Amino acid sequence: MDEQQLNTEEEQKMIDAAYQELLNDYLSSNHRRKVEIIEKAFKFASMAHQGVRRRSGEPYIMHPIAVARIVSHEIGLGSTSICSSLLHDVVEDTEYSVEDIENLFGKKVAQIVDGLTKISGGVFGEKASAQAENFRKLLLTMSEDIRVVLIKMADRLHNMRTLGSMPPAKQYKIAGETQYIYAPLANRLGLYAIKTELEDLSFKYEHPDKYAELYALLESTREERDNLFSVFSDPIKKKLENLGYKFEILARVKSVYSIWRKMQNKNIPFEEVYDILALRIIFDVNEGEDEKSACWAIYSAITDIYKPHPDRIRDWVSTPKSNGYEALHVTVMGPNGQWIEVQIRSRRMDDIAEKGFAAHWKYKTGEKDDSELEKWLQTIKELLENPEPNAIDFLDTFKLNLFASEIFVFTPAGDIRTLPQGATALDFAFSLHTDVGMQCIGAKVNHKLVPLSYVLNSGDQVEILTSKKQVPVPEWINYVVTARAKSKIRSIFKKEYKSFINKGEHDLETYLKENNQKMTPDNLSKIMEYFKETKKEELLYKVGKSIYNLNDLTNSVFKSQSKWMKYWNLTFRKDGKSTSLPFFGNKNSDPKKTLTLAEDNSGVTYRIADCCSPIPGDDILGFMEEDGMLVVHKRQCPVAMKLKSNYGERIISAVWETHKMLSFPATIEVKGVDRLGALCDVIRTITEEHAMNISKLSVDTKDGIFEGYITLYVHDVEDVNNLCVSLMKIQSVKSVNRVETNS
Ligand code: MN
């Protein structure tokens, strides 16, 4: 690639056009017209990046322009953020310094660019801790100026939109990281549209075939949905017009990714995802009318026409979500008997839902802002003041807080507090004040006395009881779930905690050695899964304190593994020949190379991960263990997802070659009506019709229904699908599904 190649005339036209679009977006927004400084930033960035190209071949400046457009048009930020976006890669990639930026554009822009530069290097770094450390930096800069993280989001979104020009292994890594941390963070910041697009793009790169398939299905059913939409919405439209509302009704179609999630979670085909279409009503508040009353008036008008589902009313108007989301959701029965969700929002609520923080500022009134978003940001600040010693643990703790669903509890004075699901009285105490937490001896929940480990429910009224004589004990760490309480308690017992962690690490290493195992990420994740721990530190602590008995592993985790290992060794490993692998990250290897797992197993030794048990035909990826063994996971395997984010550089893209000789274990779940001979039919179909070997079979019958798990040896996904079709033909069989684990 010739880096000094200057832009052609045609490219210059493209750049100018893109910049003009950015200006148009900006000028049609409500921000003050500060075109001059934007023009200056554009010229400076163009000059600084002159001659450099992106991987796609485009002039580099197209990227900052695109990021600035997202920041302006999709997030709704003003000139300072637009300038910072245009300049976001200048310090990182050119010889200009933060001081240069400050001299030319002032302190604020320089600070934001500095923040973005700090978190740019090593996001895809070589070491897991570097990546997590980077994320901590991201949060630190975020708590200083939220615009840094909003621009980072825009940067990530544009990189995801243009991910196609990256090699596959890099695509998985970036897509994995996006799904692991950026999409939840976008959600937490109230950037719904961006969150949805990030998830969809990650999914598209991780499962290209599935994505294409679902996309085509969505397209082919579009007309049907359009018809349903007009039949369903017409009566609502008329009624609301008669009532004098100014409003628009939009059809909301579920994203490809969320359709897929639903199909996975509920184990249902596309046709059975009933809520693909939803309706959104956005209304302008009439003069003198109360916004909240208007929501309920519209609700009432709709439910006069269609029957509401009694369990599906979501009132986020009275109590907004903690990411700031406000709306009234109701699910009603449509004309053909199908359930349809209707989302009712005012124009202001819609703006907040689409643009998150930025819109929130626009509507900010008065001095003190104690909105849910501000409160959340405050907890992040506190978390950072008392950081966990280990960056990866910090990332995990933070992530738990990103994902947790929420409960609302009340103080005796009637104030509402938001806590993650599973929070205890002690969490609540710490959320009020550190001192209240430290001196907490118990609580009164709905006027009844409860211990401090009591798990709170939404709607509880909680009064904390304290005593000056109270002294915290280390066990408290097990009574809390919030990051804030955990880090406060931990900081008191840091020393003691640390020594147990060291002991635990030593114990675990000794144990593994005795069992001819090593402390590999794969082994570690198996052990964590066994003890249901999500954090390494917590696991080691409990091992060190002898809360967990490592000998429990001998008859479960490592026993079953050695059994499988034997099987795989027999089938796949070429004896005595250790081959060097095309390890991505190795200088001599070709990072574009996708590993093919061939039938004759030429040159590659690999093992099937037993967390997800992939078989030929599944979308897979490889993970390089420290000892050089390649472990094959399904791409959507949660264990693989975590490995992808934390040890991205060890991910290797892999595909199966058709396998018709080797056999792999796969487990199917069969459910049906327990009729005489039903099971016999099932087994006959498997062994005679399909000539497959069953390795394990377990059946439960209850109240005339049977549920069976059958592990059998197959060649590939096609085998399983064909078998499922045959089994479904048996009259008493009602459902057949492939399940994840072969246990
Ligand atoms: Mn960038």
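## A lysine in a strand

Where is the place of Lys 634? You will find Lys 634 in strand E14, which spans residues 630–634. Keep in mind as you look around that this is a predicted model.

Is Lys 634 buried or exposed? With a relative accessibility of 5%, Lys 634 counts as buried, because buried means under 20%. Setting aside neighbours within four places in sequence, its contacts are Cys 612, Ser 613, Pro 614, Asp 618, Asp 619, Ile 620, Ala 640, Arg 738 and Glu 740.

## The largest nonpolar core

Next, let's visit the largest nonpolar core, which has 33 residues. The members that touch the most others are Tyr 606, Trp 656, Ile 668, Val 670, Ile 686 and Leu 727. Helix H30 (residues 717–728) gives the most to this core, with five residues.

Beyond its neighbours within four places in sequence, Trp 656 is in contact with Leu 597, Tyr 606, Ile 608, Pro 614, Ile 615, Pro 616, Gly 617, Asp 618, Ile 620, Val 632 and Phe 664. Apart from this core lies another, of 32 residues, including Ile 75, Ile 119, Val 149 and Leu 191.

## An enclosed helix

Finally, look at helix H4, residues 79–86. Why is H4 largely enclosed by the rest of the structure? Seven of its eight residues are buried, so the structure largely encloses this helix. Those buried residues are Ser 79, Ser 81, Ile 82, Cys 83, Ser 84, Ser 85 and Leu 86.

What covers the buried residues of H4? The cover includes helix H1 (9–27), helix H2 (35–49), helix H3 (62–74), helix H7 (107–118) and helix H9 (146–161).

Definitions and conventions
Residues numbered from 1 in each chain as written. Predicted model: local features only at pLDDT ≥ 70, side-chain atom pairs only at ≥ 80, totals over all residues. Heavy atoms only, no water. Core = buried A, V, L, I, M, F, W, Y, C linked by side-chain atoms within 4.5 Å. Buried < 20%, exposed > 50% of the residue type's maximum accessible area, 1.4 Å probe, protein only. Helix = DSSP H or I, 4+ residues; strand = E, 2+ residues; numbered from the N terminus. Contact = heavy atoms within 4.5 Å.
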